[in-house]
Amino acid sequence: MDEHRHPHPHGGHGQAHDQGHDHDHDQGHGHDQGHGHDSARAHSRTPTRPHSHAATDKLDRALEGSAEGIRALWISLAVLGATAAAQAAVVVLSGSVALLGDTVHNAADALTALPLGLAFLLGRRAATRRFTYGYGRAEDLAGIVIVATITASAVVTGYQAVDRLLDPRDVSHLPAVAAAGLAGFAGNEWVARYRIRTGRRIGSAALVADGLHARTDGFASLAVLLGAGGAALGWRAADPVVGLLIGAAILLVLRDAAREVFGRLMDAVDPALVDAAERALRGRPGVLDVAELRLRWIGHRLRAEVAVVVDGSLDLRAAHQVAVDAEHALLHAVPRLGAALVHPDPAPAAGLPDPHAALAHHGV
């Protein structure tokens with residue numbers, strides 16, 4: 001069984017859980033610091049021995065902690081960067097707006113590896129007394145940069161396409177344009193396969209999703225062939241029309257990316273995760289009810305803060321053990337849960353005062 005420091009008067013229990021095949025349980029008692037009443041409820045954290053979980057849903061290690069995942073980002077940057085550079089040369093020769101849109105999109109996708117890679121590296125740093133939750137939120141800041149980059153690529157592509165519709169010009173070097181479109185598809189598909197394969201090997205859902213995004217971009221590159229084909233048949237508007245379609249596709253990507261990023265900034269979680277956590281807690285012996293349950297993302301890890309209702313007649317050690325068992329159940333039931341703080345509340349009893357009455361005027 002994991003080691004603990006001296007019990008806290010309220011019996012609260014926190015745990016840092018390192019995702020992977022072996023999980024480091026940092027069990028102890030942790031709390032927010034600040035007002036006197038809050039500090040009185042503070043928990044101390046004590047590192048403990050690694051603990052191996054053989055659960056069917058493997059809890060994946062955060063991407064920022066995986067050297068293999070970071071390497072996948074840099075290789076993706078190199079491949080997509082080389083693809084965009086080759087396409088840019090053809091854009092200069094041909095004047096193709098459709099190819100310009102695809103080039104800008106591929107360049108933007110390549111450059112997103114920079115803020116992401118920096119955020120993943122920063123997220124590996126240990127928590128400090130100033131940044132007590134660590135640096136996982138750096139990923140949310142990187143997400144804002146990515147949304148801004150995608151927005152800029154959509155604006156540039158749309159502007160160029162509209163300008164070309166208002167001032168039609170012939171597209172030259174059509175075979176080269178078609179070849180560049182194929183190159184864009186090949187580069188994105190290779191990156192997609194690599195990211196998906198690496199993501200599945202290290203258990204990173206984020207990297208798998210990024211690979212699927214690259215695959216979608218590859219099909220957008222194939223649209224350049226339609227523009228080249230239309231231009232070859234004498235339809236001068238084919239190229240800018242395809243450019244507009246690619247700009248619209250970028251906007252769809254922007255919508256999904258913005259929803260994800262700003263959802264994380266607002267601490268949004270999938271309600272199914274909350275349901276899974278509640279089921280796991282209510283199924284533990286000694287847990288009479290779940291009084292409060294909060295989940296939030298910090299980087300690629302979830303953190304849980306829970307208050308469970310227990311029999312008020314339990315002694316401190318027994319109530320603490322209920323909290324430990326409840327926390328253990330959470331770590332198995334909630335994928336990518338990195339830390340949990342479980343606080344046992346005594347069940348209300350007739351004639352006894354509310355144990356939290358002293359906190360009522362603080363809005364706690």
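The model is a predicted one, in which local features need pLDDT of at least 70 and side-chain atom pairs count only at pLDDT 80 or more, while totals for chains, interfaces and linings use all residues. Residues are numbered from 1 along each chain as its sequence is written, and side-chain values use heavy atoms, with hydrogens and water left out.

Select D140 to start, a residue of helix α5; helices (H or I, at least four residues) and strands (E, at least two) are DSSP runs, numbered from the N terminus. Leaving out residues up to four places away in sequence, D140 touches V261, R264 and L265. D140 is buried, at a relative accessible area of 8%, where buried means under 20% relative accessible area, exposed over 50% and partly exposed in between (1.4 Å probe, protein chains only).

Next, display the largest nonpolar core, which has 28 residues; such a core is a set of buried Ala, Val, Leu, Ile, Met, Phe, Trp, Tyr and Cys residues joined through side-chain atoms within 4.5 Å. Two or more of its residues come from each of α2 (67-94), α3 (97-111), α4 (113-123), α5 (138-166), α6 (174-202), α7 (205-232) and α8 (238-265), and α8 gives the most, with eight residues. L99, V147, I150, V177 and I246 are the residues with the most contacts inside this core. Centre on I246, which, apart from neighbours within four places in sequence, is in contact with A98, G101, D102, A220, A223 and V224. A second, separate core of 22 residues can be selected after that, and A277, V290, A326 and A340 are among its members.

Now turn to the strands, where two strands pair if DSSP finds at least two bridges between them. Strand β4 (residues 289-298) runs antiparallel to strand β5 (residues 301-310), and nine bridges join them. Along this pairing, E292 stands opposite A307 and W297 stands opposite L302. The two strands form a hairpin with two residues between them, and G299 in the turn has a positive phi of about 70°.

To finish, follow the chain from β5 through helix α10 (residues 316-333) to β6, a β-α-β crossover that is right-handed, meaning that, with the strands pointing away from the viewer, the path from the first strand over the helix to the second runs clockwise.

Technical notes
Contact = heavy atoms within 4.5 Å.
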